Amino acid sequence: MRKLRFLAASLLLAAFIAAGLSEGALAQALIQASPTRLDAATSVAVGTNWNTVASQSTATATPPAGQFVYVTALYMSACQNSSGSATANANFTTTGLGGMEFAYSAAAAEGCAGQPGLITFATPQKSAAAGTAVTLVSPASTTNTGYGTEIFYYTAP
Amino acid sequence: MRKFLAFLAILAALALGQAHNAAAQALVQQSPTHVDAGNLTAVGTNWNTVNTQSTATATAPGGQYVYVTALYMGACQDGTGVAAANLNFTTTNLGGAEFAYSTALSANACPNEPGLVNFPVPLKAAQAGTAVTLVSPAAQSHIGFATEIFYYTAP
């Protein structure tokens, strides 16, 4: 009889412990906070001559020695003033990214028609060589168009 | 014999309990928590109101950063409309990120507004514990600007 009581008490204790653990796990899931994201874009290289007509824009992302540039997004704007300038088959080009480029054409009209805008990479684009800058270069200077270039990135080995 | 029968009864009760738990887990299963979802939205001031400037402000608790998952920039003209040349939406605490905007006079329309720009890989603020802001161009007589920051905060 004593053995049976001991067995029942042990089973009761085990059941209480199991129930407690189960409830604890549920509580942890509910209060979990957002973690540090180590591959977030922590830097932005803003191009020269931002949105200024009759000038070329170049953005430069420079990594520390031994590290690569990981590009998470590129932004390319081309906004015309009230005079406007037509542009045919021009390109935004890059260096340090395997020759990647983006096309642009626009009729003469005040506005930003035809600009590539924000290009995002769900998986970051890694630069070709460690310690070497990545650049994004707008088409050559156009009389009544203001170009903007921007590189969103982080650096890592 | 009585001990053996009692032991069997306890085993049976435990087995029934386990079966019930397993079934309950299957029935109440939920989608998992997405801990880096954009769970906060900072809506700009003077939302889509002509002749005003709009500023959205995303604040972070002390020691935490703002992680931007998307930005929204609206620019809608009223029935009169007005042209705007080479203006910019600017930010603070995001490495100087900005977005360009020009438009012809287009009454009752929103041409060339940057709209929603998504960051599949979030954009992390430069300084912890410091707000991120998104600021529209200065007030334009017949354009209503709108700014919005979608984000979460984390170390």
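A few ground rules come first. Residues are numbered from 1 along each chain as its sequence is written, and chains are lettered from A and ligands numbered from 1 in the order in which they are written. As the model is predicted, local features need pLDDT of at least 70 and side-chain atom pairs count only at pLDDT 80 or more, while totals for chains, interfaces and linings use all residues.

For the complex, the predictor gives an ipTM of 0.72 and a pTM of 0.77. Chain B has a mean pLDDT of 87, with 81% of its residues at 70 or more; pLDDT is the predictor's confidence in each residue, from 0 to 100. Where pLDDT is low, the predicted coordinates should not be read in detail.

Chain B holds one helix and nine strands. Helices (H or I, at least four residues) and strands (E, at least two) are DSSP runs, numbered from the N terminus. Read from the N terminus on, the elements of chain B go α-β-β-β-β-β-β-β-β-β. Of its 155 residues, 38% count as buried. Here a residue is buried if 20 or more other C-beta atoms lie within 10 Å of its own, exposed if 12 or fewer, and partly exposed in between, with C-beta atoms placed from the backbone. Among contacts in chain B with a separation of 6 or more, 77% come from residues 24 or more positions apart; two residues are in contact if their C-beta atoms, placed from the backbone, lie within 7 Å.

Where the chains touch, 39 residues of chain A and 36 residues of chain B take part. On the chain A side, helix H1 (2-31) and strands S1 (43-46), S4 (68-80), S7 (117-126) and S9 (145-156) each give two or more residues. S4(A) gives the most, with six residues. Sorted by class, this side of chain A has 20 nonpolar, 15 polar and four charged residues. In that count, Ala, Val, Leu, Ile, Met, Phe, Trp, Tyr, Cys and Pro are nonpolar, Asp, Glu, Lys and Arg are charged, and the others, Gly among them, are polar.

Two strands pair if DSSP finds at least two bridges between them.

S7(A) is also the place of A:Lys126. With 16 C-beta neighbours inside 10 Å, A:Lys126 counts as partly exposed. Leaving aside neighbours within four places in sequence, A:Lys126 is in contact with A:Phe68 and A:Tyr70. A:Tyr154 is 28 residues away from A:Lys126 along the chain, and their C-alpha atoms are separated by 9.8 Å.

The largest nonpolar core has 66 residues, and those touching the most other members are A:Ala41, A:Ile151, A:Tyr153, B:Val66, B:Val68, B:Tyr101 and B:Ile149. A nonpolar core is a set of buried Ala, Val, Leu, Ile, Met, Phe, Trp, Tyr and Cys residues joined through C-beta atoms within 7 Å. S4(A) gives the most to this core, with 10 residues. Beyond its neighbours within four places in sequence, B:Val66 is in contact with residues including B:Ala58, B:Val132 and B:Tyr151.

Chain A also has an open sheet of four strands, ordered S3-S8-S5-S6 with antiparallel pairing. Its edge strands, S3 (58-61) and S6 (101-106), each pair on one side only. S3(A) has a covered face, A:Ala59 and A:Ala61, and an uncovered one, A:Thr58 and A:Thr60. Four bridges join S3(A) to S8(A), where A:Val137 is the bridge partner of A:Thr58. S5(A) pairs with S8(A) over three bridges, and A:Thr94 stands opposite A:Leu136.

In chain B, an open sheet of four strands has the order S3-S8-S5-S6, also with antiparallel pairing. S3 (55-58) and S6 (98-103) of chain B stand at the edges with a single partner strand each, so one side of each is left without a neighbour in the sheet. S5(B) and S6(B) pair over five bridges, with B:Ala84 opposite B:Thr103.
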